[in-house]
Amino acid sequence: MAKEEPEKTLDKPDQSNSLQLDFEVSIFDLFKHYFQVRLRVKTDQSELIFCLPSWTPGSYMIRDYGTHLHKFEVRNSKTNEPVLWEMVDLHRWKLKNLPQEFEIKYIIYAFEDFTVRTNYLETEFGFINPPALFLYPEGNLEKPSSVLFQVSDFFPYVYSSLTRDPEDPFRFRSENFDELFDSPFHLSKKNSVFFTAGTTKHELLVEGDVSFDFKAKLADDLKRITETQIEWMMESPNPYYLFVLNLSLPAYGGLEHRASSINYFNPELISDEEEYKRLLELLSHEYFHLWNIKRIRPIALGPFDYQKPNLTRELWIAEGFTSFYDVYFLFHSGFLSKEEYISKLQSDIFALEDNEADSWMSLEESSFTAWTKYYKRNGNSHNITVSYYTKGGVLALCMNLFLLQESKEKKTIRHVFHKLNEVFVKTKQRGFTKQEFFDTVKDVTGVDLKTEFNEYLEYPKPIPVDLYLDIIGIRRIQTDLVGETGFKTKEKNGNLYIQKLLHKSDMDSLNLMLDDEILAINGKRATQTTLQNLEKNLRPGEKFHVILSRAGRIKESMITASGYYKTRKFVFAEDCTDDRKELREFFLRNIV
């Protein structure tokens, strides 16, 4: 029995103090991309500190949102006289000698970047990521607040999963700041569509120039996916859920929230069948977070300290398991064939094998250092940084297959998640530790997953995925061993430049640097054709000569090619044992 750990209590309020907080959001200048925020406060306190979060839950990097806050001022609501204040650090403002009613006013620049975690305002729509816009009173995260939008002259609709005032469609109410910060707003001129899955009413807003037929098809497809996930969890956790899909600009990404998700996708790709499936995979991923992370979660992921990193070594559960199940749910919803599903699995497996990062970073280190390594990538990150999404998803696959074998098809991760939901979400109302996760697995399935898999969590060690795929009679085929240069290039004005360097165990260190210009290969002027001809005929161990320009100086380098299999894939083995075929059929037929 794991030792019971008390739930963390961050930033608990002083209930003896009264504090009423009402926000008003308006557009200060649409063409210059400025929101204006007014915060009207009623209090009996003489001194308060207001803070702007420095990061967004689900996106593990300090963002310094205060960069975009300007023209901060505080005035007495009755006399309009200025109130004393000072910045005490980059995200906190201290207010002194406070009257009982005062107003804070400031401007937010909303055009830094087009992402799911930043504010964005332009003529067609506005997006508000609440941690990047709303101040909170330090020590009072539990206080309720309201948000009124004065934007109807520009945008007739404001979408959010927050409770809407029945008498004013532009006013929303939150029970506390955790709820407010987890409920983004989308300002739009577009109408939404609805569908029901389980007992949940789903609303889908598609921003961008798409037909109603596309929206209707996407809603129907999402209904199938959400019904599959609800069936898997055997519950609908909330009565309402909002999908926001922005198809305005070329972008890709999603961010999960307590009753919504914000998703960006390239509008130029949606007519391509394979890219459309990739879109469904993204939406499936964010929807599964409704359970896995927003409710069933590692203990470090809530309640949050919005001023500093909330570190955890268990993102391989929160994101890795979600990365396995997003595609698995697509398969079981009828969007992928068996062959397409295996192809999706093998793409992640090969992504891990195509560099030597597995020998540099463990899964737990990948999770713990996400703030400084995974989210702050550089030209060498692909060689030394393991993705807790990718490797975590492969680990989830292997764990599920091992459970199928050891429990004789009786128990899977699905049963484990049901138990985690019952014990930690509904009963203890907190997250779980790593040991509690493995204790729950053993309690539910009788299988000791920690002994079997812990070394792949704590140490930089590749998972023997072929061993686990063999449990269900899936085997690797590798043919056509060919040579590889060890670098990727980009073309600029007809010239070739080094864009990416690949570090592999069978490859010598290369005297090449990012942005080196390749002038000649084996005595011939370097062009895309020259390079393609080299790659087509290159053999492992073969040497080739490169002349390059680096910072205006001419350099020479002799490079030895490494080897890789040009043809590699996983296939269903028909000569495997009957028990393997039976497990395979179970895995493909049932939602494990």
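**Salt bridges in a predicted model**

Arg258 and Glu179 form a salt bridge, with their closest N and O atoms 3.3 Å apart. The two residues sit in distant parts of the chain, 79 residues apart. A salt bridge here means a side-chain nitrogen of Lys or Arg within 4 Å of a carboxyl oxygen of Asp or Glu. By this rule the count is 36 salt bridges. The model is predicted: local features need pLDDT of at least 70, and side-chain atom pairs count only at pLDDT 80 or more, while totals for chains, interfaces and linings use all residues. Residues are numbered from 1 along each chain as its sequence is written, and side-chain values use heavy atoms, leaving out hydrogens and water.

**Arg258 and Glu179**
- Arg258 lies in the loop between strand E19 (253–256) and strand E20 (260–264), and Glu179 lies in helix H1 (residues 177–181).
- Helices (H or I, at least four residues) and strands (E, at least two) are DSSP runs, numbered from the N terminus.
- Arg258 is partly exposed at 28% relative accessible area, whereas Glu179 is buried at 10%.
- Buried means under 20% relative accessible area, exposed over 50%, and partly exposed in between (1.4 Å probe, protein chains only).

**Glu281 and Lys344**
- Glu281 and Lys344 pair through their side chains in a salt bridge of 2.9 Å, N to O.
- Glu281 is in helix H3 (residues 273–288) and Lys344 in helix H5 (residues 338–353), so the pair ties together parts 63 residues apart in sequence.
- Glu281 counts as buried at 19% relative accessibility; Lys344 is partly exposed at 23%.

- Arg430 and Glu436 meet in a salt bridge of 2.9 Å, N to O.
- Both Arg430 and Glu436 are buried.
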